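Dear colleague,

Please find below the structure that I am handing over to you. My notes on what was found in it follow directly after.

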Amino acid sequence: MQALIFEQTGEPLEVLALADVPVPQAGPGEVLIQVTARSIQPADSLFIGGRYRVKPVFPQIAGFDGAGVVSAVGAGVSGLAAGQRVAFRHPGAWAEFAVVPAARVYPVPDDLASRLDDTMVSQFALNPLTAWGLLQMVDLPRGSRLLATAGRSAIAGLLGYLGDARGIEVERLVRDNGAYRLLDASGQRTLALGDDPSQTLAGAAPYQAVLDAVGGPGTVALIDAMAPGGKLVSYGVLDDRPFEIRAATVLYRNLTWQGFGIAGWLDQTDAAALAQARRDCWEMLARRPDLLPVTGQYPLAEYKAALRQARASQGEGKVLLV
């Protein structure tokens, strides 16, 4: 089979190569999937560069997220069968076939299958489930206010939709031509403008929760914008620069600051909540496919063009390898 592999960490355009490798075999508890679409995510570049929480084992097939059809199941696997359409997330997605632990494979519901094409299915296992998990983590009552950074990202749009359904007022902070803009939940209406996060958020009512994909020194402004007893959840590191903050800033206002990773959340969440998350997310995508826009599709062999477009179109939609 063809696969995009790398044998050392580095920039994807420099270290990736298209190669012929053996088709893997599903072991106990695993599923062999014939991959039909793969979404390019920021985590992919971090993984290839050796900067992600999951470390490569060389020679490593790149990619995490995809859609496909079950080809075979290993011993002990139940609820999955050959021929099923599925989403998945596991290292090794950028190949014609991938072996994935059964726990990281998500069948497309039969009653929604006709409304869910591979452009949506290939993105299901990361951003939709992340948005659902983030809202579960902060556990806000109706009428609460929530701020999402990286406000033009897919997750911010999903948070706006899911938050609205829960009666939560979501606002989105975006960087815009060197300045900052505060948007409403839809991302269409501007609420405030400023030169930096602090200035942009100065007039906003306090937030009971902030979901931050950025990090860096701007985190201090996010904390300043929180209500006493609020929750800050960091789930991305677009800016990993260090910064200073006094312990009293968090302590005296009874704030909670914690991290979120999709793999850890999946491992720690009970089966009933995961089943509800899957169903809610599938139904959301069937109703609102526009929440996961796609800006381009390329065959595996044209991965360099795909990677260049993915970098150029960040915040506008995903690029797929098909």
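Strand E1, residues 2-6, pairs with strand E2 in the antiparallel sense, and four bridges join the two. One of the residues involved is Gln-2, whose bridge partner in E2 is Asp-20. Please note that this is a predicted model. The two strands belong to an open sheet of three strands in the order E2-E1-E4, with antiparallel pairing. Its edge strands are E2 (17-20) and E4 (60-61), each of which pairs on one side only.

Within it, Gln-34 stands opposite Phe-97 of E7. Four of the five residues of E7 are buried, so this strand is largely enclosed by the rest of the structure.

Arg-89 is found in strand E6, which covers residues 85-89. Is this arginine buried or exposed? Arg-89 counts as buried because its relative accessibility is 10%, and the cut-off for buried is under 20%. Its side chain makes a polar contact of 3.0 Å with the side chain of Asp-65. Leaving aside neighbours within four places in sequence, Arg-89 is in contact with several residues, among them Ala-43, Tyr-52, Phe-64, Val-100, Arg-104 and Ile-262.

Arg-104 lies in the loop between strand E7 (97-101) and strand E8 (105-107). With a relative accessible area of 16%, Arg-104 is buried. Not counting residues up to four places away in sequence, Arg-104 touches Ala-87, Phe-88, Arg-89, Ala-263, Leu-266 and Asp-267.

Turning to the aromatic residues, a search of the whole structure finds nine aromatic pairs. One of them is formed by Phe-124 and Trp-282, which are stacked at 3.7 Å centre to centre with 5° between the planes. Which parts of the chain does this pair link? Phe-124 sits in the loop between helix H3 (118-121) and helix H4, while Trp-282 is in helix H10 (residues 271-287); the two are 158 residues apart and the pair thus links distant parts of the chain. Phe-124 is buried, with a relative accessible area of 0%, and Trp-282 is buried as well, at 2%. Separately, Phe-6, Phe-47, Tyr-52, Phe-58 and Phe-64 form one aromatic cluster. Tyr-52 and Phe-64 of this cluster are also among the contacts of Arg-89.

Helix H4 comprises twelve residues, 127-138. At 1.5 Å a residue it should span 16 Å, and its end C-alpha atoms are 17 Å apart, which agrees. H4 is mostly covered, since ten of its twelve residues are buried. The buried residues include Asn-127, Pro-128, Leu-129, Trp-132, Leu-135 and Val-138. Asp-139 follows the helix and has a positive phi, near 50°.

Finally, a word on annotation. An unreviewed UniProt entry lists residues 11-321 as "domain: Enoyl reductase (ER)". In the model, the end C-alpha atoms of this span lie 18 Å apart, and the span is 29% helix and 28% strand.

With kind regards

Note on methods. Residues are numbered from 1 along each chain as its sequence is written. This is a predicted model: local features need pLDDT of at least 70, side-chain atom pairs count only at pLDDT 80 or more; totals for chains, interfaces and linings use all residues. Side-chain values use heavy atoms; hydrogens and water are left out. Two strands pair if DSSP finds at least two bridges between them. The expected span of a helix is 1.5 Å times one less than its number of residues. Buried means under 20% relative accessible area, exposed over 50%, partly exposed in between (1.4 Å probe, protein chains only). A polar contact is a pair of N or O atoms within 3.5 Å; within protein, one must be able to donate a hydrogen and the other to accept it, and residues adjacent in sequence count only if both atoms are side-chain atoms. Contact means heavy atoms within 4.5 Å. UniProt positions are given in the numbering used here, feature names are shortened, and annotations may be inferred rather than shown by experiment. Rings of Phe, Tyr and Trp (its six-membered ring) pair if their centres lie within 6.5 Å; planes under 30 degrees apart count as stacked, over 60 as edge-to-face and the rest as tilted.
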